[in-house]
Amino acid sequence: RTGGDYTRHQFPLEIPYLQMNMTGLSKTFAGAPVGNLFRPARSNAIRRTCPVSSKAADVDLAPPTKRVAPRAPEGSPVVPPQDLASRPRRNRRSATVREAFRETILTPSNFIYPIFVHDGDDDIPIDSMPGQSRLGWKTGMVKKVREARAAGVNQVVIFPKTPDHLKTATAEECFNPNGLAQRSISLLKDTFPDLEVYTDVALDPYNTMGHDGMVRSDGVIMNDETVYYLCKQAVSQARAGADVISPSDMMDGRVGAIREALDAEGFTNVAIMSYTAKYNSAYYGPFRDALASAPRPGNEDWSIPKDKAEYQMDPANYRECLREAALDEAEGADIMMVKPAGAYLDIIRALKDSTTLPISAYQVSGEYSMLKAGSAAGYLNEKDAVLESLISIKRAGADLTLTYFAVDAAKWLQEV
């Protein structure tokens, strides 16, 4: 206590409201609630070291100003200031301060834009997804991607609408080297060489029964046989120029099998974004409308599951996602995805905390359509609600967000 005239009166060593026994397990607070342990009231002794100047003295010491003092509404009570050492609102008092302290920054580079393509020339609006269309793969697709790139979005994922006459029970069209997906990938990479192109790997767009895997007559989804075709599909997409293969099927072992198949064909630089925690969600309806890929009704001869609960995750489960994540990372996934996003922010955080891999999240068609419907009805401000939803997804831990709002959101961010 050398080098200063510090007295016990000014800085008391004993803290009167805290007594702790030798074990540190029991605490008694004299005259203070437990919640005040880390927010003690300032003692009178400390207060007396800083005498309050008179109002007149304050005015005399301040430089001249033309600023007008703010006025309270008439009838406001006159009360003394609360004795608060910490006031969090001081760090929110202005736009400049709020921006300086902002913890989560949303940029167009965080977005992947999902696009629907079809084998035709005209763009066909999707009724259940206002503002979205099945794009003609030769014209509308290129035009839309050019618009996205101009807004700063340079990542897209392609979902093809397969004509019904090309669908089969075993979905061989999925690895047709001249299929719609493969042609679309190739055209995009030829037109925009630096565009990051993601693809979807699953059988449901090509399957007459509407499932991500082949369906046995008793309604069982065939895992290993499906994975065999998923590998062929992934390799065909890589040959077309895909940068990132995205298996959305939720079959066991498919990440490792696809990684091995890609490496065997020389595509060691093609990445895998695994749908790691894809839930059997009610939010996928508009997407299935867009691709006409919903499960079909079965019959007495062939049982077809009405939903995808046998292979997609139960919305009630949390710990299961950690098991899926451990498997996907061990099998060689480069990015792990949570789908849907908005109702599964806890799952995004769980994956973020369990791995060093990048995390993506899919703001799915149902989330998009709900925000669109609420905005159209005047219940929501679309821009504000969309950006809030996207910042919450990133705040939860997503490095990438697949969203149908990608282009609009990128433009809105440029206005901020």
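Trainee: What makes strand β6 (residues 155-161) and β7 a pair?

Mentor: The two strands pair in the parallel sense over four bridges, and two strands pair if DSSP finds at least two bridges between them. Within this pairing, Q155 stands opposite E196 in β7. Strands here are DSSP runs (E, at least two residues), while helices are runs of H or I with at least four residues, numbered from the N terminus. This is a predicted model, in which local features need pLDDT of at least 70, side-chain atom pairs count only at pLDDT 80 or more, and totals for chains, interfaces and linings use all residues. Residues are numbered from 1 along each chain as its sequence is written, and side-chain values use heavy atoms, without hydrogens and water.

Trainee: Why is D212 called buried?

Mentor: Buried means under 20% relative accessible area, exposed over 50%, and partly exposed in between (1.4 Å probe, protein chains only). D212 has a relative accessible area of 0%, so the residue is buried. K308, at 2%, therefore counts as buried.

Trainee: How do you know that D212 forms a salt bridge with K308?

Mentor: A salt bridge requires a side-chain nitrogen of Lys or Arg within 4 Å of a carboxyl oxygen of Asp or Glu. The closest N and O atoms of D212 and K308 are 2.6 Å apart. This pair links parts of the chain that are 96 residues apart.
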